[in-house]
Amino acid sequence: MEKITHYEKTLTSEVLFEGRVITLTKDTALLENGKTATREVVHHHGGACILPYFEDGTICMVRQFRYAMQQELWELPAGKLEKGEDPFEAAKRELGEECGLTADHYISLGQFYPTVGYDTEVIYTWVATGLHKTQMHLDADEFLTPDRVPLDKAYEMVMSGEIRDGKTIAGILKLKALIAEGRL
């Protein structure tokens, strides 16, 4: 492991906004050159993402309108974590809620940071296999449509820019790599 050579130290932190999903702080950071800088940080409890992969080579994605982007997007099933919630349990919950599925097996695709410049969010991702139908049960304010798509088609959608959601891009590319390496 490399020695860490670059750093910033938090000197002060002021909460500007505290909401249901995020908290925004304005921080003063000491830089490695001895100067200070202002940093605005969005604090988020993180998210859990699940990639349902069927034996026939299809995956389940959802189409959902995203208010911030003002458009309907293709995404893998996912949800925000409540404070202290286990990401794996949240991913399994989202599989049932959004796709109406349960799974026999789960393989971790790891975690990633979707927006490192100003956001603390971490997204944890799994592939689910050995899938079985159950009942969908969306949240009261959640509207989406699950669709099965061949993995190769989903990959083409990523490469053409039709799929723009970061967690979905990462999940599909990682699954393709695992399959190409013979690990799935």
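This is a predicted model: local features need pLDDT of at least 70, side-chain atom pairs count only at pLDDT 80 or more; totals for chains, interfaces and linings use all residues.
Residues are numbered from 1 along each chain as its sequence is written. Local features need pLDDT of at least 70, side-chain atom pairs count only at pLDDT 80 or more, totals for chains, interfaces and linings use all residues, and side-chain values use heavy atoms, without hydrogens and water.

**Exercise 1.** Determine how helices H2 and H3 pack, and which residues make the contact.

*Solution.* 
1. H2 covers residues 151-160 and H3 residues 166-180; helices are DSSP runs (H or I, at least four residues) and strands likewise (E, at least two), numbered from the N terminus.
2. The axes are 10 Å apart, at an angle of about 130°. Axes are lines fitted to C-alpha atoms over the stretch in contact, and angles run from 0 to 180 degrees between N-to-C directions.
3. Contact (heavy atoms within 4.5 Å) involves Leu 151, Asp 152, Ala 154, Tyr 155 and Val 158 of H2, and Ile 169, Ile 172, Leu 173, Leu 175, Lys 176 and Ile 179 of H3.

**Exercise 2.** Describe the largest nonpolar core and the elements that give two or more residues to this core.

*Solution.* 
1. A nonpolar core joins buried Ala, Val, Leu, Ile, Met, Phe, Trp, Tyr and Cys residues through side-chain atoms within 4.5 Å; buried means under 20% relative accessible area (1.4 Å probe, protein chains only).
2. The largest has 20 residues, and Ile 172 and Leu 175 are among those with the most contacts inside it.
3. Strands E4 (47-52), E5 (58-66) and E9 (123-133), with H2 and H3, each give two or more residues; H2 gives the most, four.

Key: Buried means under 20% relative accessible area, exposed over 50%, partly exposed in between (1.4 Å probe, protein chains only).
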